[in-house]
Amino acid sequence: MKDPAGQNGSGRSSKRRRSPAESQRALVLAMMVLIVVILAAVATVIVYGMQVQKAPRTVGERTLATAEAAVRDAPDKAQSWLSLAYAYVEIGRYSAASDAIARGRKVEDLPDFYIVDAYRAEKAGNVEEAIQLYEVAKKKAIEYRKAQDAKAAEAGARLTGANEQLVSAALGKARLLVAQRDYKSAVVEYDIALEQDPMMADVLVERGAAKAKMGDLAGARADYEEALRYVPGMPEALDGLARLEAGDK
Amino acid sequence: MSEGLQVQGPDARSRRATSLLAVILVLLLLLLCGVGYFFVRVLVPAGAPETARVSEGMTWVRSIYGFGPSSDEQLLGPTDVAIAPDGRIYATDPQRARVLAFNPDGTFAGLVHTGAGGSDRGMLGRPAGITCDSRGNLYISDVVNGKILVFDHDYTFVREWPAQQALGMRVVDDKLYVRELGEVVIYTLDGIETARFGERGRGTGAVLEPTGGITADEKRVYVADALNQAVKVFSADGALLWSQPSTTATGGPTGTDERAAETTSSPVDLPQDVELDSSGQLYALDAFDFSIMRLDNATGKILGKWGTPGEKDGQFMYPTGLAYDAARDWFAVADTANNRVQIVRVEGTGGGVGQAVTRAMSSPFRVCAIPLVALLVGIAIILVTRKREEDRDEAGRGSGSLAAE
């Protein structure tokens, strides 16, 4: 006769059906083991983790440690919060970066905070959001500059030089648009940046490459040659011209 | 009792209790997963390179920046590194007149700090070169006070002796090789000079500039002649065997225009240190090429080089000190301008299984062994308990059968 429970002693007792009390004992035992393992893991994390995390272990952690120290020392300086936000972005702590940006903007609503916010979205892989945020940053940069100009005018002075924040925001947006192969829109952004500072050879090369991609070969050549005017022998510009000669965009 | 309610028997209650225990067990398992995730978050440094293979043929193991978050607790332009037999890594911190010690996993091990700028006996002014002997004693050159100091494994001062501009040095067996003012000086480990060769100067041949590291094997003495932009190799009695490049690239007092013309094509730019791996293979560290080079010991031919310039982990910026850990098959590099020490491995150093195990035991992840051992012990207890129960049941059934018969 078949004996599935193996109770006649012919089968291995492991095939025997466990009684509820035995199952419960086994479960309690397993729970106790797990509790011990969890406690051991937590204790190890606390004791050893504190040791390994005392000092920075990467350039990102060092930058963060420096930025955190700067914020501790001077929480009323917007620049400290800006550095902290960038440090968080570099190590991938995007929500902490958002928090630092929000707190920094309370100190001073600089356009730089909108740029780092766009950079945060870019690094987090949210390209569409980043493009929108760069656009917001551009507007903030223009407004901020207008306010600065007005303040300077009141003091009988005049601000000169490029609107650096506008350049940064426009370039950030342009590069994302290039990555999306929207060369036409990218060229518009490069134009904005170059209008502020026409002597940026590297940006001229980038715009030249975008123009070449959209088929504006004459425009591309002009940009590469213009870049070579500012940086004679610039390898990237020479490479661009060589690609045009070879018919390779 | 209400009619709608059924009376629950002991079986139903028991089933419910078992289910409850099973649910708690699952929750504990989830909690363990959470702790494991936190474990990984703590042990993996934030911002580490996406892949350990940072450049072709080179693997980044870790970077060491100091022993705390503040700038005073971090390295500032370390000029040299040394590795003790137990794997401890030493780095000079010249601007703060101290030497920092780290465990192979990067955690802080100690500090040799005798008082900034001290010139008295046993005091450290500006440590430049550093090396260890087989007992773990530490030899530090102090270029400000013109001496070599010896500290034991516990950082206790042992002895010192005068040595002018001792910038590079290395203990090989029971000898201490030191670069002093363009000469190679060989001391016993007690500081007694036994040999001296070389001449200070610019150009080719046996002349040397003071800066750069030194190492040796039974047959040769290898010198990184930094300002002459060459790696030079001498016989044990001081005869020049070869130089890489064969003519010195720099002009200078003894140089010629022809040599100066070769500067641009020199394969060696600013060699700052030399080191041998466990198989005796020669390596040089080039500060201006931002690379570790492998050279043929007999001819000086460059067999390969690894490294890229930059500030990211795994890149170098004007590195000046190199040391090899034979037990773990890795190099420690004083990445001077990046204010850190980097631990890297390069392909072809002949690491074996033993070294891989030692390396794993030097990883921060080795602490995972503690909960893992707890888990294994727990599983073993469960299995033993079960086996005992089964044996008891079988014994009970056996005696029952006999009684029935």
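1. Which residue has its backbone oxygen 2.6 Å from a polar atom of the side chain of B:Gln281? That residue is B:Leu295. The model is predicted, and this distance is computed from its atoms.

2. As for its place in the chain, B:Gln281 sits in a loop of chain B, with strand 20 (271–276) on one side and strand 21 (282–286) on the other.

3. Leaving out residues up to four places away in sequence, B:Gln281 touches B:Glu275, B:Leu276, B:Arg294, B:Leu295, B:Asp296, B:Asn297 and B:Leu303. B:Glu275 returns in the next point.

4. The largest pocket holds about 680 Å³ of space. Its lining has 27 residues, and those closest to the centre are B:Arg170, B:Val171, B:Val172, B:Glu275 and B:Tyr324.

5. Which strands of chain B each give at least two residues to the lining of the largest pocket? They are strand 2 (81–83), strand 6 (127–132), strand 10 (166–172), strand 16 (214–216), strand 20 and strand 24 (321–325). By class, the lining has 14 nonpolar, 5 polar and 8 charged residues.

6. Turning to the interface, 42 residues of chain A are in contact with 54 residues of chain B. The two chains bury about 4,200 Å² between them, and 67% of this area is on carbon and sulfur atoms. On the chain A side, the residues that lose the most area to chain B are A:Tyr48, A:Arg57 and A:Arg62; together they account for 14% of what that side buries.

7. How many salt bridges does the rule find across the interface of chain A and chain B? The count is 0. Polar contacts are found there, however: 10 residue pairs, with both residues at pLDDT 80 or more.

8. On the side of chain A that touches chain B, the elements giving two or more residues are helix 1 (20–52) and helix 2 (59–73) of chain A. Helix 1 of chain A provides the largest share, 25 residues. Sorted by class, this side of chain A has 23 nonpolar, 10 polar and 9 charged residues.

Methods
Residues numbered from 1 in each chain as written. Chains lettered and ligands numbered in written order. Predicted model: local features only at pLDDT ≥ 70, side-chain atom pairs only at ≥ 80, totals over all residues. Heavy atoms only, no water. Contact = heavy atoms within 4.5 Å. Buried area = accessible area lost by both parts, 1.4 Å probe. Salt bridge = Lys/Arg side-chain N within 4 Å of Asp/Glu carboxyl O. Polar contact = N/O pair within 3.5 Å; in protein donor to acceptor, adjacent residues only side chain to side chain. Helix = DSSP H or I, 4+ residues; strand = E, 2+ residues; numbered from the N terminus. Nonpolar A, V, L, I, M, F, W, Y, C, P; charged D, E, K, R; others polar. 1 Å grid on protein atoms, 1.4 Å probe; cavity = no way out; pocket = protein on both sides within 12 Å on 5 of 7 lines; lining within 4 Å. Points joined across faces, edges and corners; volume = space filled by probe spheres on them.
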